[in-house]
Amino acid sequence: MLSQKYGRTYHYPFSPGTTSDDRINHTYWEDIQRIETLVHTEKLDGENNCLNHWGVFARSHVAPTTSPWTSQLRERWQLLKNDLADIELFGENLYAIHSIEYQRIEEYYYIFAVRCLDKWLSWEEVKFYAALFDFPTVPELQMQSTRELTEESLKKQIIDWAQEPSFFGSVDPLTQEDCTREGVVSRNIGEYPVTDFPHQVFKYVRKGHVRTDVHWTRNWKRAKLTWENYPKMEE
C-alpha cells in the first residue's frame, strides 16, 4: 500500500442513508462536546480521489487508479506531483455522473480534506492548500461553536440542510427531476490525529441515495460543466 486510504466516515445515528457495511457513531454527541467548533459542508456525490506524490488514488491505496473518469485529474496531478511532498489532497471527483446530476459545476474536483503524515489538517489549512494547488473546496454550509449547541438543535439543522437542493443544483439523472443534496458532513474545524478520525468527522446521507448498479462503470456518463448547460450566444 502506497499510502493510507481515507477512513470510513461514521454516520450520525439519525442518518437514513446507511447501508449494511456502513458504521454509525452512537456516541457522536459525546465526541462533539469535546470539539470547540464544527464546520458543516455539503456531501457531494462523486468518487473520493486522493492526490499524493505517488499518484491519484480511488478508495484503495494499493495502487494508483487508471479509471477513465480520472483521466483529467491524472493530467492535473502530473503538473503538481513534485510540489506535494508529504501533503495528500482528498476531494470529490464529479467527472462522472453517479446518483445526482449537478447543474452548475465549474470544475470537477472539490477538496474536502488534507492529510500530512499523521495529521488531518485544520479546515483553514484545507482551504489554503486547495487554493495553493488551484482547486475549489466543497461548499461550506456553516461554521458553528458547539458551546450553545444542543443535540436536538444540531439534529434539526442537519436534517433541514439535507432536504435542500445542492449548492450546485441537483437533478435525478434517471428522472431529470429536481432532488435534494446527497447529505451533510460535519467535522472538527481544527487539526486532529489520523487515529482520532472516527471521533472528529460525522455524516448524514439521504435515504436510498445510491441509484447506480454493478453496470455503472460500463455505462457511465461525463458530467457537464456549467457553460455546457447553456446554449451558445449567437454571434
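Analyst: The buried residues of α4 pack against α1 (28–33), β2 (37–43), β9 (140–145), β11 (183–188) and β13 (201–205), where contact means heavy atoms within 4.5 Å, and helices (H or I, at least four residues) and strands (E, at least two) are DSSP runs numbered from the N terminus. This is a predicted model, in which local features need pLDDT of at least 70 and side-chain atom pairs count only at pLDDT 80 or more, while totals for chains, interfaces and linings use all residues. Residues are numbered from 1 along each chain as its sequence is written, and side-chain values use heavy atoms, with hydrogens and water left out.

The residues of α4 that are buried (under 20% relative accessible area, with exposed over 50% and partly exposed in between, for a 1.4 Å probe and protein chains only) are L154, Q157, I158, W161 and A162. They cover an arc of only 130° around the axis, which puts them on the same side of α4; the arc is that of the directions from the helix axis to the C-beta atoms. An α-helix has 3.6 residues a turn, so residues three or four places apart point the same way. On the other side of α4, E152 and K156 are exposed.

As for its setting, α4 lies across β2, β9, β11 and β13 and runs at about 175° to β9, with axes fitted as lines to C-alpha atoms, for helices over the stretch in contact, and angles running from 0 to 180 degrees between N-to-C directions.
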